[in-house]
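User: I would like to learn how to read the main features of a protein model. Please give the general idea each time, then the case at hand.

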Amino acid sequence: MGFEQSPHEAAIYRRGNGGNALLVGVYVDDLVITGTKDAEVAAFKEEMKATFQMSDLGPLSFYLGIEVHQDDSGITLRQTAYAKRVVELAGLTDCNPALTPMEERLKLSRDSTTEEVDATQYRRLVGSLRYLTHTRPDLAFSVGYVVALSSCEAEYMVASAASTQALWLARLLGDLLGRDIGAVELRVDSKSALALAKNPVFHERSKHIRVRYHFIRSYLEEGNIKASYINTKDQLADLLTKPLGRIKFLELCSRIGMAQLPHKTTHKT
């Protein structure tokens, strides 16, 4: 039918460019269709119905556990029902809600004296929470919290991971839009981590960091990523990388357009 598969996301197909672009996302036998013209979408549906026995479920409202609300103001994604199931799975239904997803200055240790937990159940909960971050990016840091040898190394590893994701997304958008997106701008609020990425001499101090975290160095040298310093107070990514206090947490949620959470601060451990 004239579609091209995205080389960066195997489940995405595109036909046409610009004002005639038609995009199809495939998951097993479910299709999500969008395009710049309603007529193109309707024509594709008829093409598919002529080839396969298919049902048209209308505007997208639910997909892989994600609730989709569409109106004139835009598209909103939620996982309300899924989040409630995760709370039930963790046995926290009767607990009080907290304003922030993680306590400030929380320190984890491998040498714990607390009672051991069920490893299988723990992994199940972490996996469930990771899926919830699709619509709750403010949970990303608390779900993925690890212990690093220094703040510089932690920032460097996060910057490298961000580079990989940003470059993949830029290339995918280029596929979907039919044009080159150009270099991705990465703003890092750690001068030491930025120096570690840019200065080959400085790398002598980082031999113990796993090789996979040095991808950012190659991206910078090839010009795919442009890294610059940003003051900590202007760093929106802190929402994803640090356990924030109530005021800072709400401020960043507001700045990225996330709905304000209930004003309750009680934690239950």
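Analyst: Start with the overall figures. Buried residues make up 26% of the 269 residues in the protein. The model is a predicted one, and the protein has nine helices and nine strands.

User: What share of the contacts between residues at least 6 apart in sequence join residues at least 24 apart?

Analyst: The share is 55%.

User: Let us turn to sheets. How do I read one?

Analyst: Strands of a sheet pair through backbone hydrogen bonds, and the pairing is either parallel or antiparallel. Here, four strands form an open sheet in the order β1-β2-β3-β4, and their pairing is antiparallel. Strands β1 (4–5) and β4 (30–35) are at the edges with a single partner strand each, so one side of each has no neighbour in the sheet.

User: How many bridges join β1 to β2, and how many join β3 to β4?

Analyst: β1 and β2 (residues 12–15) are joined by two bridges. In that pair, Gln-5 has Tyr-13 of β2 as its bridge partner. Between β3 and β4, which also run antiparallel, there are six bridges. There Leu-22 is partnered by Gly-35 in β4.

User: Where is Leu-64 placed, and what is its phi?

Analyst: Leu-64 is in the loop between β5 (62–63) and β6 (66–71). Its phi is near 50 degrees, a positive value in a residue other than glycine. Leu-64 is partly exposed, with a relative accessible area of 38%.

User: Which strands does helix α1 lie across?

Analyst: Helix α1 (residues 38–51) lies across β2, β3 (22–27) and β4. The angle between α1 and β4 is about 150 degrees.

User: Now helix against helix. How do I describe a packed pair?

Analyst: Two packed helices are described by the angle between their axes and the distance between the axes. Take α2 (residues 80–89) and α3 (residues 119–132): their axes come within 10 Å and cross at roughly 160 degrees. An angle over 145 degrees counts as roughly antiparallel, and α2 and α3 are therefore roughly antiparallel to each other. The crossing of α2 past α3 is left-handed.

User: Which residues does Ile-225 touch, not counting residues up to four places away in sequence?

Analyst: Ile-225 touches Ser-163, Val-184, Leu-186, Tyr-219 and Leu-220.

User: Is Asp-189 buried or exposed?

Analyst: Asp-189 has a relative accessible area of 10% and is buried. Asp-189 sits in the loop between β8 and α6. Leaving out residues up to four places away in sequence, Asp-189 touches Glu-155, Tyr-229, Ile-230, Asn-231, Thr-232, Gln-235, Asp-238 and Lys-242.

User: And is Val-146 buried or exposed?

Analyst: Val-146 is exposed, with a relative accessible area of 62%. Val-146 is in the loop between α4 (140–144) and α5 (151–177). The C-alpha atoms of Val-146 and Leu-108 are 8.1 Å apart, while the two residues are 38 residues apart along the chain.

Technical notes
Residues are numbered from 1 along each chain as its sequence is written. This is a predicted model: local features need pLDDT of at least 70, side-chain atom pairs count only at pLDDT 80 or more; totals for chains, interfaces and linings use all residues. Side-chain values use heavy atoms; hydrogens and water are left out. Two strands pair if DSSP finds at least two bridges between them. Contact means heavy atoms within 4.5 Å. Axes are lines fitted to C-alpha atoms, for helices over the stretch in contact, and angles run from 0 to 180 degrees between N-to-C directions. Buried means under 20% relative accessible area, exposed over 50%, partly exposed in between (1.4 Å probe, protein chains only). Angles under 35 degrees count as roughly parallel, over 145 as roughly antiparallel, 65 to 115 as roughly perpendicular and the rest as oblique. A crossing is left-handed if the near helix is turned anticlockwise from the far one by less than a right angle, and right-handed if clockwise.
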